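Subject: Structure handover and notes

Hello,

I am passing on the structure we discussed, with my notes below it. Please have it open while you read.

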Amino acid sequence: MFNIRDFGAVGDGVALDTGAINAAIDAAATDAGVVVFPAGRYVSFSIRLKSHVTLHLSEGAELIAADPKIHSGAYDPFEANPFDLYQDFGHSHWHNSLIWGEGLEHIAITGAGLINGEGLTREGPGSQWQKQAGEFPLSMRGLSAEVMAELAPEVSVMKGLGNKSIALKNCQHVTLRGFTIKNGGHFALLATGASDMVIDGLTIDTNRDGLDIDGCKRVRITGCKVNTPNDDAIVLKSSFALGEIRDCEDIHIEDCRVSGFDLGTMLDGTFGRTQARAPDQDLVTGRIKIGTESNGSFRRITIRNCHFERSRGLALETVDGGVIEDVVTENLSLNEVTTAPLFLRIGARLRGPEGTTPGAIRRVRISDMTATDILPDYSALIMGLTDHPIEDVTLSNVHFTYRGGGTVGDAARRPAELDSAYPEPSMFGITPAYGLWARHVRGFKMDNVVLEAAAPDARPDMVLDDTQTL
C-alpha cells in the first residue's frame, strides 16, 4: 500500500499533487502495489499508470483535473499519431489525459472516490479526412462558422490541454470499479485496443461521451450509471486510430442505466430536464450505441437488463465498412425517448482507406424490449442500402408506445437515401410510419411486436420498403 500523502501529496484542493501521485505510482510499480488516495482533494495534471499498479480512490477522495488557465503546468503533450486521418483528435491521442496508460497489463482503478474533470476540455478538432461528407450530422448544417470553430477547434489550440479523464491504449487485464466521474471531458473513458477489461459499478455524469470502447476484446460493463446529455453514454467503436483494423469483439453490457438528464443532476439527485438539445442540435443523447466509427467490425455483442431514461434509443450503425453481427439484446426498457427507440443503419460515409466499401449488419436478436413516451417524429428504423441490405433481424416481445400526432402528409414522406450522411434518425426527417420503418432488409422476423400511439396518428403503424423474407 502506497499512500500518496507519504510522497508529499497535500490534498487541499489548491496545491498541485501531480509529482507526488506519479512518484507513488513509480514506487508501487516495483512491488505490484496499490496507490491509495485517502480522503482529500488532490489537484493534478497527467497521471501515468504503470503495469501491475492499482489506484484506489478512498471514500471522500476527490481527484481534480487541473486547469492550465489556473494552475502552473500542463497536461502531457498529445503524442504523434501517423494514423489520425480517419477519426477525430480525441480518438487519436491518449497521453493528453488526466490518467493514461499505454501497453500496460494488470492495472486497476477502484474505490468509492470521485474523479472531477473540471479542468478538462470537452472539445477537440474533427478528423483530417478530406472527403467531408458525413463528418458531422445533418442537424449541424445550420450552425455558424463561429460555433463550429468552438466545437471543433484547430489542433494548435489543444497544446497543454487535457481532454479525457482516463485513456488506455493497448492495455490488457484492466479493472475499473466503484468510482464516480464528473465532467470527464471529451471521454470519461477512452479504451482503445484493450482486452480482458472489467468495468463495474461506475457512476458517470459528464459533459460529453461516457464509456468509449474502441477496438477492444472481452469487455464486461456491468452495473454502471452513465448520464450524458451531450453525447453517447456507452458506445462501442472500431476506429483506425491504431493504424490497423481492430475489431470490437465479445462485449457484454448488463444492468446499466443510461440517461440524458441535465448535466450534474444525476449526481445531485434532481434529474433535471431543462436542456432540450445536444450540441449536434438533435435532442439530448445519453444512449447505448454501436458505431459511428466503424472501420473495423463488431462481433458477439450482448446487451442485457439495461434502462434508458430521457435519451435516444439503442443504435447499431456501421458507415465506414465494418460488419456488425451476432448482436443479442434482452430486457431493455426505455422511457422518454428523444429520437428513434431503435436505429439500425448501414451507411456509406466510408471514412477509411481508399477502396473502403459499405459494411453489413446481420444476425441481430432483440427481445423483451419496451419503450414508452417516444418522440413522435421518428419510428423505429431498420435502414440498409439498396445493394447492402440488413440481414437476419429478429424482434420478439417488443412493445413501443409513441406520443402520436403524425399527419397524412407525414405518411406520404419518403426521404432520399442519404447514403453518405452521418447516421442519426433525424437524417430521414419525420418518418412515414409512426411505429416501425424498415427499408432494404432481408430476413426479418417479428414475434409479438406491439406498436401503439398514445394520441391519434394518421400514419400507418408500420412501413416496409424493399423488405424480403418477412
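The notes below cover cysteines, salt bridges, nonpolar cores and backbone geometry.

This is a predicted model, in which local features need pLDDT of at least 70 and side-chain atom pairs count only at pLDDT 80 or more, while totals for chains, interfaces and linings use all residues. Residues are numbered from 1 along each chain as its sequence is written, and side-chain values use heavy atoms, with hydrogens and water left out.

Cysteines

There are zero disulfides in the structure (a disulfide being a pair of cysteine sulfur atoms within 2.5 Å). For C216, the closest cysteine sulfur belongs to C248 and is 5.7 Å away, which is too far for a bond. C306 has its closest cysteine sulfur in C256, at 4.8 Å, again too far for a bond. C216 is buried at 0% relative accessibility, and C306 is buried at 2%. Here buried means under 20% relative accessible area, exposed means over 50%, and partly exposed is in between, with a 1.4 Å probe and protein chains only.

Salt bridges

The whole structure contains 38 salt bridges, each a side-chain nitrogen of Lys or Arg within 4 Å of a carboxyl oxygen of Asp or Glu. Three of them follow.

- D231 pairs with R208 at 3.4 Å, N to O. This pair links distant parts of the chain, 23 residues apart: D231 is in the loop between β19 (225-227) and β20 (234-238), and R208 is in the loop between β16 (203-205) and β17 (209-214). Strands are DSSP runs of E, at least two residues, and helices are runs of H or I, at least four, numbered from the N terminus. R208 is buried, at 15% relative accessibility.
- E330 pairs with R304, with the closest N and O atoms 2.7 Å apart. E330 is in strand β26 (residues 323-337) and R304 in strand β24 (residues 298-311), 26 residues apart. Partly exposed is the class for E330, at 27%, and for R304, at 25%.
- E325 pairs with R363, with the closest N and O atoms 3.2 Å apart. E325 lies in strand β26 and R363 in strand β28 (residues 360-374), so the bridge ties together parts that are 38 residues apart in sequence. E325 is buried at 8%, whereas R363 is partly exposed at 32%.

E325 and R363 also belong to a network of salt bridges whose members include K217, D247, R299 and R362.

Nonpolar cores

The largest nonpolar core has 101 residues, and I199 and I213 have the most contacts inside it. Such a core is a set of buried Ala, Val, Leu, Ile, Met, Phe, Trp, Tyr and Cys residues joined through side-chain atoms within 4.5 Å. Apart from this core lies another, of 13 residues, among them F343, M427, F428 and W437. Leaving aside residues up to four places away in sequence, I213 touches L189, M197, I199 and C248, among others (contact means heavy atoms within 4.5 Å).

Backbone geometry

The peptide bond from G291 to T292 is cis, with omega near 10 degrees, and T292 lies in strand β23 (residues 288-294). Two residues other than glycine have positive phi. N183, with phi near 50 degrees, is in the loop between β13 (180-182) and β14 (187-192). H440, with phi of about 60 degrees, is in strand β31 (residues 436-453). N183 is buried at 19% relative accessibility, and H440 is buried at 7%.

Regards
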